[in-house]
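Morning, everyone. Let me put the model up and then walk through a few places in it.

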Amino acid sequence: MNEMSNKWIGQSTIRPDGAEKVTGRAEFAADTNMPGMIWGSVLRSPHAHARIVSIDTSKAEAHPGVKAVVTAQDIVDFPVDTPVPLGIQDMRWMCRNIMAREKVLFHGHPLAAVAATSEAIAAEACKLIEMEYEVLPWVIEIEDAIKPDAPILHEYLEHDGKPSNITGTLEHKLGDVEEGFAQADVIIERSFTTRPVHQGYIEPHACLVSVAADGKTTIWSSSQGQFMVRAMTAMLTDMPQSDIRAIPAEIGGGFGGKTIVYLEPVATMLSKKSGRPVKMVMSREDVMRASGPTSGSMSTVKIGATKDGQIVAAEGTFYLQAGALPGSPIRGAAGCGFAPYNIPNVHSVGIDVVSNRSKVAAYRAPGAPIGAFAVESVLDEVAEALNIDPLELRLRHAAREGTKAAHGPTYPLIGFVETIEAAIEHPHYKAPLGKHQGRGVASGFWFNAGGESSAQVNITEDGNVVVTTGHPDIGGSRAAIANVAAELLGIDYRRVSVLIGDTATVGYSNLTGGSRVLFASAMAVTDSAGQVITTLCERAAKIWDIDPDAVTWEDGEARPAGDNAGQFEPLSLADIAAQATQTGGPIGHGAQLNTTGAQGGFATHICDVEVDMDLGIVKVLRYTSFQDVGRAVHPAYVEGQMQGGVAQGIGWALNEEYIFDKDGHVDNPGFLDYRMPVCSDLPMLDAVMIEVPNPAHPQGVRGVGEVPLVPALAAIANAVHNALGLRFSSLPMSPPKVLAALEMPEAAE
Amino acid sequence: MYNFNYKKASSRDDAVAAQSSADDGSYLAGGMTLIPTLKQRLAQPSDLIDLADVGDLAGISDDGGAITIGAMTTHATVAESEVVTSKIPALAALAGHIGDPQVRNRGTIGGSIANNDPAADYPAGCVGLNATIITNKRELPAEDFFTDLFETALEEGELVTAVSFPIPDKAAYAKFPNPASRYAIVGVMVAQTGGETRAAVTGASQSGVFRAADIEAALGSGLDAAAAKEVKVSADNLNADIHASAEYRAHLISIMASRAAAAAG
């Protein structure tokens with residue numbers, strides 16, 4: 001941290017979006033309307049896997065009230081043999097995901113869309129589209145998809161020289177694991193499975209798109225990146241990006257799931273064909289069937305240690321479901337699992353597997369909780385076998401500055417050790433446990449990201465401040481940016497208004513994802529505010545008729561730098577703004593940066609559970625997370641991120657799962673059947689923020705949003721093991737499964 | 001949602017008359033099930049007769065031996081009622097754990113029992129507490145009212161007006177909520193009223209609420225919780241779904257009955 005006074009950084013200031021949200025005035029994408037607007041509806045596949053023989057839309061087109069129909073023929077085809085990367089996505093798969101092309105690949109896969117004068121007419125007309133299919137055998141689970149005789153989703157994708165559902169691999173190697181295991185006295189090897197879980201954002205995907213007669217297009221949508229919406233829509237509809245203005249609506253949750261498009265290109269084509277603005281809103285069922293949850297997984301982890309407690313080798317294989325099209329977060333699973341530890345020999349492999357379910361999307365530290373669940377469960381067993389306290393084992397091997405990680409980097413200053421030490425010292429770790437209660441610990445890592453970010457800082461004529469950044473705010477970035485700007489300019493945070501610009505009003509800014517937004521946008525704001533302060537000093541110098549170098553900016557006002565500069569009354573922001581026209585014109589500066597120096601995030605969790613021995617219910621009694629948060633610019637929001645991550649982890653560990661029926665359809669596509677925890681299921685989730693400021697960032701910021709989920713699955717499973725002596729290697733630990741395992745321990749596997 | 005005619009009834013007679021003159025009229029109480037059903041186009045009544053303004057359908061009265069709850073009384077009102085919490089706390093607790101706060105402030109006892117969802121809480125409350133269902137035409141015991149899955153003894157146009165609960169000597173309701181919907185996977189109302197022991201089970205059976213005879217026998221007059229726990233309930237004719245198998249539900253019946261008995265003391 002630099003030498004700032006920190007009047008506002010570190011304060012839980014009032015969030016700028018609060019009043020609008022609690023009074024119902026915040027404008028979400030589904031709230032937007034335009035004159036002449038019509039409604040789009042999507043026809044979705046009734047089959048899990050089928051070849052499309054023909055589509056006849058003529059009856060739908062003739063239906064009264066229908067204004068346009070689109071199919072894959074209206075969406076740009078990216079041939080399957082040429083990769084077209086856009087961020088972590090590939091447009092070959094994106095074009096096939098938003099509209100089925102050669103085949104339908106999952107139940108709910110879009111086939112066509114209709115725009116009509118009402119939502120009901122559009123839905124009715126969808127039913128008039130005549131489809132002819134050649135129904136194909138389908139496969140959902142990883143273990144079935146990798147069998148030699150499995151139905152193949154994409155015949156042109158090969159693995160080991162033949163068509164395969166294995167559509168990608170990734171490998172990290174450090175040292176020599178064979179040599180390492182040869183030195184080990186204790187080797188534990190276990191296999192694990194996790195189920196696909198949905199991000200569970202409360203707001204379904206929605207957009208309103210208007211393509212004017214001259215092609216100028218405006219998109220209001222719910223996304224984690226208006227520039228991503230613009231780029232993908234432009235590519236999928238063959239329009240120049242400059243014709244598209246993508247406006248980020250207020251967002252009702254994303255957690256990674258809104259980092260790709262589903263509706264926007266379709267609505268754009270419907271609007272283009274009909275000449276009318278088109279609104280599309282997914283139902284909850286559409287969201288659950290056809291938007292991306294995170295992967296289910298199948299992994300094996302092997303860890304070897306000497307009897308004096310040194311871990312000498314670690315190996316992991318992580319199979320992740322990609323859904324119907326390639327691209328699962330194997331990097332997160334295989335890369336993050338071992339990342340917290342200094343282990344000399346590591347071999348970690350990620351394997352991407354396609355199957356007939358909706359394509360996965362990012363979900364909070366994508367892949368990392370899957371890797372950590374396996375690694376941290378095995379570490380727990382290693383500690384037990386060696387009779388070492390599990391936090392002590394982690395502390396001995398904790399990565400620190402200079403540790404070389406298997407996934408590549410040599411760590412700069414990181415605060416992982418501090419999280420373990422804080423956990424060991426915390427009263428929670430020593431609190432007594434009752435009957436059928438257990439305590440588990442686990443740690444976790446997330447990469448965090450930097451990348452492109454733009455900002456504009458403008459001084460209003462009355463001497464207040466408007467800051468515009470380019471990232472949808474899903475975790476408190478506006479509040480935190482207000483703190484940063486207020487701190488830099490030396491003014492009250494209530495004088496700073498922070499807005500999210502659209503693609504026409506702010507410079508390119510990459511997605512809200514990777515725990516990158518505050519890290520990157522605070523750098524752009526710092527750069528812009530620095531330029532503003534320079535200008536303010538220049539203006540004061542002009543007013544005083546002295547050299548600009550003789551002016552300093554302190555506590556929100558320009559002051560003569562010293563006695564030699566002359567005797568002048570300080571000039572406030574308002575004083576200088578009032579004379580802006582006479583001293584050189586409007587005051588404002590922007591910055592467009594490609595930020596670097598984002599450093600990894602680490603966390604350690606302690607969880608206490610109680611098992612209801614008659615019912616099999618696992619209840620979380622107490623939960624404390626310890627996280628290196630870099631600098632908590634807005635502590636209430638950081639605490640909220642930590643609690644939110646843990647809450648999602650508790651759902652993933654104990655109850656959440658996609659369930660498929662015998663026809664390959666999702667059997668629980670709504671909150672009446674998808675088992676997400678609610679507040680009354682959870683104890684207070686205690687968050688201990690440990691500040692090891694990132695030296696590569698002007699405010700010391702590290703990403704904080706994703707790592708809180710990473711250790712949770714393992715911490716809970718380790719607690720259950722501690723309570724029952726049973727190790728659950730397959731999630732979720734739902735009551736019927738726990739009860740079955742109490743009666744017959746094999747059921748835990 | 002399909003189109004329908006909307007009528008806000010001003011009195012019981014007005015409601016019944018509107019229903020009888022409609023092609024396919026449906027009473028609207030809290031709408032917690034009916035409205036979502038309409039939105040999904042799973043039902044197409046010609047007319048909705050809204051009971052919200054029929055003032056004398058809501059309210060709770062205590063006549064000494066029994067508590068009578070008007071059909072349009074919300075779950076939240078029952079849960080917070082001084083009369084109910086003091087005389088039949090088991091019923092107040094049951095109402096206080098239906099759905100979520102929004103549902104409890106819209107949903108009504110009359111709407112719930114007329115719908116007879118096999119996983120709803122009130123049917124177990126009514127049968128377990130030996131309530132009397134009062135309609136615009138007659139009074140009938142709860143056991144005769146709930147006939148099958150989403151089926152009741154109500155005749156076409158017949159309107160539930162109130163439910164009367166005799167004050168039990170002891171009672172408690174124990175529920176294993178569905179972790180997603182919070183409906184009962186199994187809920188058991190154990191009560192002793194005028195010397196009779198009842199254990200009414202919701203959520204478990206393919207035909208809706210029922211009295212578990214073997215559990216009642218085990219509970220006996222002393223509400224023996226330990227004995228109830230030992231009863232091996234048959235899984236035959238029990239529901240099985242993605243949340244719980246028939247066997248798990250059978251197991252839950254004994255456990256929840258035992259816990260209810262222990263709580264009833």
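First, the ground rules. This is a predicted model, where local features need pLDDT of at least 70, side-chain atom pairs count only at pLDDT 80 or more, and totals for chains, interfaces and linings use all residues. Residues are numbered from 1 along each chain as its sequence is written, chains are lettered from A and ligands numbered from 1 in the order in which they are written, and side-chain values use heavy atoms, with hydrogens and water left out.

Domains of chain A. Domain 1 covers 3-25 + 450-595, domain 2 covers 32-136 + 203-252 + 258-290, and domain 3 covers 297-448 + 599-748. The bounds come from an automatic or database domain assignment. The centres of domains 1 and 2 of chain A, over C-alpha atoms, are 39 Å apart. Across that pair, 20 residues of domain 1 are in contact with 15 residues of domain 2; contact means heavy atoms within 4.5 Å.

Now, where does the second largest pocket lie? Both domain 1 and domain 2 of chain A give residues to its lining, so it lies between them. The pocket definition: on a 1 Å grid over the protein atoms alone, an open set of points for a 1.4 Å probe, with protein on both sides within 12 Å along at least five of seven lines; lining residues have an atom within 4 Å of a point. Its lining has 26 residues, and A:E20, A:E250, A:R478, A:V498 and A:L499 lie nearest the centre. β15 (244-248), α15 (477-489) and β23 (496-500) of chain A each give two or more residues to that lining. β23(A) gives the most, with five. Helices here are DSSP runs of H or I, at least four residues, and strands are runs of E, at least two, numbered from the N terminus.

Over to chain B. B:T197 sits in strand β13, residues 196-202. Is B:T197 buried or exposed? Buried, at a relative accessible area of 11%; the cut-off is under 20%, with a 1.4 Å probe and protein chains only. Its side chain makes a 3.1 Å polar contact with the side chain of B:Q192. That term means a pair of N or O atoms within 3.5 Å; within protein, one must be able to donate a hydrogen and the other to accept it, and residues adjacent in sequence count only if both atoms are side-chain atoms. The B:T197 side chain also reaches the backbone oxygen of B:G220, at 2.9 Å.

Last stop, helix α12 of chain A, residues 390-397: the buried residues there include A:L391 and A:L393. A:D389 caps its N-terminal end, with a side-chain oxygen 2.8 Å from the backbone nitrogen of A:L391.

Notes: Buried means under 20% relative accessible area, exposed over 50%, partly exposed in between (1.4 Å probe, protein chains only).
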